[in-house]
Amino acid sequence: MSGNRIAKLSLQLMTIIEERSVNNLSAIPKEEYLYKCTSACAGCSSSLCLRYVLKAAGPDSVLVVPACCTSVIQGMYPGTAMNVPVYNIAFAAAAACASGMSDAFATLGRETNVIVYAGDGGTVDIGIQALSGAFERGTNFLYICYDNEAYGNTGMQRSGSTPLGARTTTTPGGKPTAKKDLDRIVEAHNPPYMATACSAYPLDLYKKVKKALSIEGPKFIHILAPCPPGWRYPTEKTVEMGKLAVKTAQWILYEREFGKLTINGPSKAAMKKPAPLEDYIKSQGRFKNLSPEIFDLMRQQVEQNIQRLSREEAGVC
Amino acid sequence: MRERLALSRPKEASSGKTGSWRTFRPVVDKEACNACGLCAQYCPDAAIDEELNIDLDYCKGCGICANECPKQAIAMVREER
């Protein structure tokens, strides 16, 4: 056996061992980089996600946070719950700020992780030009969008990410247009790594952040983050709601490494046999009084997404 | 040296003791618990430690732990104040 082949096999073995170890709890570091306790709402999935993002990133990281729930929940001056440096910046400037930061660290010869942790409003609507610019420049950073499908901290106004039919304070009759497909916009920039995640699968998220930070260049992770007050469901259902979104294939977990798509475990099963979409819709107050026509449109959208992604994974486009 | 920048420093309870927000308190039945650790994994505020003790100073009472417990070992009991 040639040395090259042995090296390749041992690399494969290492990846398998690593994947196994991440799937059990003991592999996750015990350190918390969020002091008790942020002022996030009870049952907030964004702070659950942030816990695992910071566990994966470790202490040598800087968070860039544009206006979003995370800039509100840090605590009151002169204290903060965040145990890593956080740079709070204007809505439209997060990715641009991270670009400068990343370049400065590179010049200093430091390998600090620059992570943008932005909400859906600051990504899909207001911050999209900075995001696009940073991806085009090939900045070495990780952009994480936690998506609760509305402007949460200002009182649930509709955002570009709000799904069809959802009621928010500015769309009391249900949003007439569909959710903007951010992942396809980011995909068009051909980043070396992009992934979707869900707060109900924190170990999967941990693994994805770890992998993203090991790759040079602009990386993107889009997290679905169910929001109890905004989606109008009881606080204890946060994790259940995330799992439902994945099981109904409303939200599909995948990774795209250097253009190659991999559908992740929980979504693979869900795409073959999705749970009824009614389960997801009925359990949320924001979809109350949804008309059957809108519901059909939503189901068609889910089917289209499943078909598009499974065709891409099979190599037929 | 005097600080010229308005910096926030990391500290505990920067938002106060959030345990006062709670209307339902998680009560663990240690007999039924099999120490799987899912409650600690899913707690958004890391209020459950490695020994699976719940820090009631900070627990906001969201009830995710009780909802996700595979053994139904956690009950949410109304707070008496």
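Residues are numbered from 1 along each chain as its sequence is written, and chains are lettered from A and ligands numbered from 1 in the order in which they are written. Because the model is predicted, local features need pLDDT of at least 70 and side-chain atom pairs count only at pLDDT 80 or more, while totals for chains, interfaces and linings use all residues; side-chain values use heavy atoms, with hydrogens and water left out.

Helices (H or I, at least four residues) and strands (E, at least two) are DSSP runs, numbered from the N terminus, and two strands pair if DSSP finds at least two bridges between them. Eight strands of chain A form an open sheet with mixed pairing, in the order E3-E1-E4-E5-E7-E6-E8-E9. At its edges stand strand E3 (86–89) and strand E9 (260–263) of chain A; each has a single partner strand, so one side of each has no neighbour in the sheet. On average, neighbouring strands of this sheet are turned by 20° against each other, direction ignored. In chain A, strand E1 (residues 61–66) and E3(A) run parallel and are joined by four bridges, and A:Pro66 stands opposite A:Ile89 in E3(A).

Helix H13 (residues 292–314) of chain A lies across strand E8 (254–257) and E9 of chain A, and runs at about 120° to E9(A). Such angles run from 0 to 180 degrees between N-to-C directions, with axes fitted to C-alpha atoms, for helices over the stretch in contact. A:Lys268 belongs to helix H11 (residues 265–272) of chain A. With a relative accessible area of 40%, A:Lys268 is partly exposed; buried means under 20% relative accessible area, exposed over 50%, and partly exposed in between (1.4 Å probe, protein chains only). Not counting residues up to four places away in sequence, A:Lys268 touches A:Ile263 and A:Glu313, where contact means heavy atoms within 4.5 Å. The C-alpha atoms of A:Lys268 and A:Ile306 are separated by 9.9 Å, although these residues are 38 residues apart along the chain.

Helix H10 (residues 238–247) of chain A is mostly covered, with seven of its ten residues buried. Among them are A:Val239, A:Met241, A:Leu244 and A:Val246. Just after H10(A), A:Ala249 takes a positive phi of about 65°.

The two chains also meet each other. The contact takes 38 residues from chain A and 31 residues from chain B. The area buried between the chains is about 2,800 Å², and carbon and sulfur atoms give 55% of it; buried area is the accessible area (1.4 Å probe) that two parts lose on being put together, summed over both. B:Ser14, B:Gln41 and B:Tyr42 supply 20% of the area that chain B buries against chain A, more than any other three residues. Two salt bridges are found across the interface, a salt bridge being a side-chain nitrogen of Lys or Arg within 4 Å of a carboxyl oxygen of Asp or Glu. The side chains of A:Lys243 and B:Glu68 meet in a salt bridge at 3.6 Å, N to O.

Within chain B, B:Arg22 lies in the loop between E1 and strand E2 (24–28). B:Arg22 counts as buried, at 8% relative accessibility. Leaving aside neighbours within four places in sequence, the residues in contact with B:Arg22 include B:Leu56, B:Cys59 and B:Arg81.

Finally, a few backbone positions deserve a look. Most residues other than glycine have a negative phi, and most peptide bonds are trans. A cis peptide bond with omega of about 5° joins A:Lys36 and A:Cys37, and A:Cys37 lies in the loop between helix H1 (3–22) and helix H2 (45–57) of chain A. Another cis peptide bond, between A:Tyr77 and A:Pro78, has omega of about 5°. A:Met156, which is not a glycine, has a positive phi of about 55° and counts as buried at 11% relative accessibility. A:Asn190 has a positive phi near 50°, yet A:Asn190 is exposed, with a relative accessible area of 65%.
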